[in-house]
Amino acid sequence: MTDLVRLERDGDVAVITIDNPPVNALKAEVRAGLLAAIAAVQDDSRIGAVVIRCAGRTFVAGADISELGKPAMQPYLPDVIEAIETCPKPVVAALHGTALGGGLEIALGCHYRVALAATRLGLPEIKLGLIPGAGGTQRLPRLVGPETAFAMVLSGEPIGAEEAQTRGLVDAIVPDLDAAAVAFARKAAARGQPPRTRDRSEAIAPYGADPAGLDALAAKHAGRPDGRAAPPAAVEALKAAVTLPFEEGIARERALFVALRDGPQSAAYRHLFAAERAAMRLDLPAGVAARRIGRAAVIGAGTMGAGIAACFANAGLPVVMVDVSAESLARGRDTIEKTWAAAVQRGKLTAAEMERRRALLTTATDLAAVAGAELVVEAAVEDMAVKRDVFAALDTIAPDAILATNTSYLDIDAIAAATRRPGRVLGLHFFSPATVMRLVEVVRAAETDPEVLATGVAIARTLGKVPVVVGVCHGFVGNRMLRVRTTETERLLLAGALPYEIDAALTEFGFPMGPCAVGDLAGLDIAWRMRKAQGARAEIADRLCEAGRFGQKTGRGYFRYEPGSRTPIRDPEVEALIVATSATLGITRRPFTADEIVERLLFPMVNEGARILAEGIARRAGDIDVIWVNGYGFPAYRGGPMHWADAIGLPRVRDRLTAIAAETGEASHAPAPLVVELAAAGRGFASVAS
Ligand code: COA
């Protein structure tokens, strides 16, 4: 045994306790301790039954993610679980917190499972680019049937104890876990031979006779191929549970698991798991802590303002939404209430919870209503003069509150300077739709106090968001890099690619939509107006707007759209316009392969990321990755732009950028000094820490 696993006796019941804070992850010492404990109880004639429980806040939450990238160490989890399952004495898992991944697989190896009512059980491996690798795909269908097993393994979503009991995954829900588990074990011992999950065939039998049923389950839960390697592997393993004997199914599962574990996608997901958590950590001076926010205010009832206000109410915080226009307020409130009502209809929200949220959200036309809020989020129009006026007024009305702006581009230092307490001003940049998008850029202005920054991060977490701290620059991290991609899209269109080719290359790469379709969805006229105000031009985009092609809202943009449809259709008129524009500008068009399109759009973006990193606007490359995956649809299985570039190797990125710069004559395409430096040193972006 080790310090991490204790073995105690409660009369004739052995109680094995795993104690590896914070989440009892199954690192090698834990696996070894568990194996030793099982071996010890097996030979102890005083012991009639066994309970496996965990200390701390949760039952085992899975394999130790930090171990997955390293050489595998014995004992392997499948062997530990095999020892548990073949133990001749009944073994009872006592579940609390989150029994996830390898934790649930241990519980499946046990002969019985008892749980506290608040326990959540799941196999989240798919979210890490993996499949369960210690029998989960073989034992779960045998216990609960393929329908539930496909749903749980392919979604990665946990289920509650009550549902788990209904489905046969949990034998009893108990109020007092430890005592009840011991009592349960004692009774089981009296009953004799324990039932082993692997021997159960009744749950899978119907599908054995009807393999087509498995294909239907696969189609329902795995969806269409989207570049991820784990879902097809999960389907293959789950099918093996029905079509192969247990030992062969286990071997198939393990082989599929190992291939995924050692492949690039799982490494990308592990990187993001660590990066998301690192992004939330602040190295704060001693004694500095986040302020408690008990009441919030949002200025502006437009799309963003209403969305942000809804986030507060959804998280159970009272919020007042303020707008000078009573009409906008009514419209904003109506939009929010409609989403709640729709959630109630879909069974995602109870009517009582909807009422609670409605009561938390108040509205006002008078700015004075923000008095009493500890945090004010301004989401008024994107206009510096308006924002400075609002902040100057807030400075007086809410003298103690933290003031946040949701600006996407504007200089927050200049906004803060309109107040007498710039230390209590920061940016909280939400993404649209605010209730859905997980990303929040927490913008640290020059004078933002550490305590205020910590509060920004903490409140974003309270709202269920992924906060990333960034510095002030035009567009911060996400939009600054997006702007590069937009510019490169225009350049590629002029150089020879067509909208459908560009979009196909990026959707094949893994983005949910291509940049031209995104432009059509957002509306091309907004950027057009901004360019006109700045005296700038984007030849293709401008000509489309001049022809009244604003995107989906006019049924025509880079693509055309049938009435009521959002499906982009190639439009010969646009393609002729693009070819003619190239000719007018004296550009000789050439064809581009999909790989070239990806490089031409994304390498300049990575180059900008390198500049952002060198300037300290982002603290780590992983922060940029978290932003692009959670805010801009960069495929998670590629780990974000900077991880992707590291995986390709920076010498190649440098060389391609040099070649692109030579072809385009564009100075910004030359590799950034950080790219050159890291490539020469054989290092990657991941090695850069601020
Ligand atoms: N292996 C290693 N470390 C883990 C871990 C795991 N499986 N799960 C969580 N941790 C660590 C986190 O990195 C974090 O460390 P930090 O405090 O140094 O940043 C700490 O445990 C707490 O995790 P966090 O996610 O911040 O806590 P939470 O209470 O919000 O969520 C869980 C807890 C268990 C629900 C969540 O961490 C989770 O989903 N973990 C992954 C589970 C999983 O995928 N298991 C299958 C692995 S194959």
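Tutor: A charge sits over a ring if NZ of Lys or CZ of Arg is within 6 Å of the ring centre and within 35 degrees of the ring normal. The model discussed here is predicted.

Student: At what distance from the ring centre does Arg 254 lie over the face of Tyr 76?

Tutor: The cut-off for such a placement is within 6 Å of the ring centre. Arg 254 lies over the face of Tyr 76, and its distance from the ring centre is 6.0 Å.

Student: Which residue has Arg 485 over its face?

Tutor: Arg 485 is another residue placed over a ring, at 5.1 Å from the ring centre. The ring belongs to Phe 511.

Student: How many aromatic pairs does a search of the whole structure find?

Tutor: Rings count as a pair if their centres lie within 6.5 Å. With the whole structure searched, the number of aromatic pairs is 10.

Student: What kind of pair do Phe 511 and Phe 634 make?

Tutor: Planes over 60 degrees apart count as edge-to-face. The ring centres of Phe 511 and Phe 634 are 5.3 Å apart and the planes stand at 80 degrees, so this pair is edge-to-face.

Student: How many residues apart in sequence are the parts that the pair of Phe 511 and Phe 634 ties together?

Tutor: Both Phe 511 and Phe 634 are buried. Phe 511 is in the loop between helix 20 (499–509) and helix 21 (515–522), while Phe 634 is in the loop between helix 26 (621–632) and helix 27 (641–648). The pair therefore ties together parts whose separation in residues is 123.

Student: What kind of pair do Trp 628 and Tyr 632 make?

Tutor: Planes under 30 degrees apart count as stacked. Trp 628 and Tyr 632 have ring centres 4.5 Å apart and planes at 20 degrees, so the pair is stacked.

Student: In which helix are Trp 628 and Tyr 632 four residues apart?

Tutor: Both Trp 628 and Tyr 632 are buried. Their spacing of four residues separates them by about one helical turn, and the helix is helix 26.

Student: Which residues form one aromatic cluster?

Tutor: Phe 511 and Phe 634, the edge-to-face pair, both belong to the cluster.

Student: Which residues come nearest to the ligand?

Tutor: There are 17 residues around the ligand. Those that come nearest are Arg 57, Ala 61, Ala 63, Ile 65 and Arg 277.

Student: What percentage of the ligand's exposed area does the protein bury?

Tutor: Taken alone, the ligand exposes 860 Å². Of that area, the share buried by the protein is 67%.

Student: How many residues of the shell around the ligand are nonpolar?

Tutor: Strand 5 (98–100) and helix 12 (264–280) each give at least two residues to this shell. By class, the shell has two polar and five charged residues, and its nonpolar residues number 10.

Student: What is omega for the cis peptide bond that joins Pro 21 and Pro 22?

Tutor: Pro 22 is placed in the loop between strand 2 (13–18) and helix 1 (28–42). The peptide bond joining Pro 21 and Pro 22 is cis, with omega at about 0 degrees.

Student: Is Asn 24 buried or exposed?

Tutor: Asn 24 is in the loop between strand 2 and helix 1 and has a positive phi of about 55 degrees, although it is not a glycine. Buried means under 20% relative accessible area. Asn 24 has 2%, so it is buried.

Student: To which residue does the backbone nitrogen lying 2.7 Å from a polar side-chain atom of Asp 395 belong?

Tutor: Asp 395 is in helix 16 (residues 384–397) and counts as buried, at 6% relative accessibility. A polar atom of its side chain lies 2.7 Å from the backbone nitrogen of Arg 420.

Conventions. Residues are numbered from 1 along each chain as its sequence is written. This is a predicted model: local features need pLDDT of at least 70, side-chain atom pairs count only at pLDDT 80 or more; totals for chains, interfaces and linings use all residues. Side-chain values use heavy atoms; hydrogens and water are left out. Rings of Phe, Tyr and Trp (its six-membered ring) pair if their centres lie within 6.5 Å; planes under 30 degrees apart count as stacked, over 60 as edge-to-face and the rest as tilted. Buried means under 20% relative accessible area, exposed over 50%, partly exposed in between (1.4 Å probe, protein chains only). A residue is near a molecule or strand if one of its heavy atoms lies within 4 Å of it. Accessible areas come from the Shrake-Rupley method with a 1.4 Å probe; for residues, only the protein chains shown count as cover. Ala, Val, Leu, Ile, Met, Phe, Trp, Tyr, Cys and Pro count as nonpolar, Asp, Glu, Lys and Arg as charged, and the others, Gly among them, as polar. A polar contact is a pair of N or O atoms within 3.5 Å; within protein, one must be able to donate a hydrogen and the other to accept it, and residues adjacent in sequence count only if both atoms are side-chain atoms.
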